[in-house]
Amino acid sequence: PDTLACNGVIHVIDEVLIPPEPDFCDAFTFNELRRLQEGGEGCNPNVLETARGDPDFSTVISLIEAAGDDLVNIFNCAGPFTANLPVNEAFDALDPAYLEFLLNPANIDDLQDLLLYHILPSATLSDDFVSGHDE
């Protein structure tokens, strides 16, 4: 469950995390998250390089790249942070229209919000997570 990179940790997940309604996300804007995550540049392999080396992450990598240079720089240079990265199968389970919506340049803010919702501003190993899901 823990794939270590020099600037963080990748957790392989089998579902895409969908951000809650905007009232919750307003407190976690793109610029605020970027400011909180400065300082991981110059390490190798970083989270983005590590994820690019695994073909199961090709969809999320293409979305990160489509989200623009600022977001690529967060995954490339920021840290430490934890990336909960969905595998390709997780994206395959989504409605294809939703992916088309996210990839439309007019919806780049929605794409950035979705991707940023998958990262935590510290390196957290799987043993440190507590399940809040009751079955």
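Author: In this predicted model, asparagine 46 touches Ala5, Cys6, Asn7, Phe75 and Asn76, leaving aside residues up to four places away in sequence. Asparagine 46 sits in the loop between α2 (30-36) and α3 (47-52).

Reader: Why is asparagine 46 called buried?

Author: Buried means under 20% relative accessible area. Asparagine 46 has 4% relative accessibility, so the residue counts as buried.

Reader: What makes tyrosine 98 and phenylalanine 101 an aromatic pair, and why is the pair called stacked?

Author: The ring centres must lie within 6.5 Å, and these are 6.3 Å apart, so the two rings pair. Stacked requires planes under 30 degrees apart; the angle here is 15°, and therefore the pair is stacked. The count by this rule comes to one aromatic pair.

Reader: Where do tyrosine 98 and phenylalanine 101 lie relative to each other in helix α7?

Author: They are three residues apart in helix α7 (residues 96-103), so about one helical turn separates them.

Reader: Why are tyrosine 98 and phenylalanine 101 called partly exposed?

Author: The label covers values between 20% and 50%. Tyrosine 98 has a relative accessible area of 26%, and phenylalanine 101 has 34%, so both count as partly exposed.

Reader: Which residues of helix α4 are buried?

Author: In helix α4 (residues 58-66), Thr59, Val60, Ile61, Leu63 and Ile64 are buried. Just after α4, glycine 68 takes a positive phi of about 105°.

Terms used:
Residues numbered from 1 in each chain as written. Predicted model: local features only at pLDDT ≥ 70, side-chain atom pairs only at ≥ 80, totals over all residues. Heavy atoms only, no water. Phe/Tyr/Trp six-rings, centres within 6.5 Å; stacked < 30°, edge-to-face > 60°. Helix = DSSP H or I, 4+ residues; strand = E, 2+ residues; numbered from the N terminus. Buried < 20%, exposed > 50% of the residue type's maximum accessible area, 1.4 Å probe, protein only. Contact = heavy atoms within 4.5 Å.
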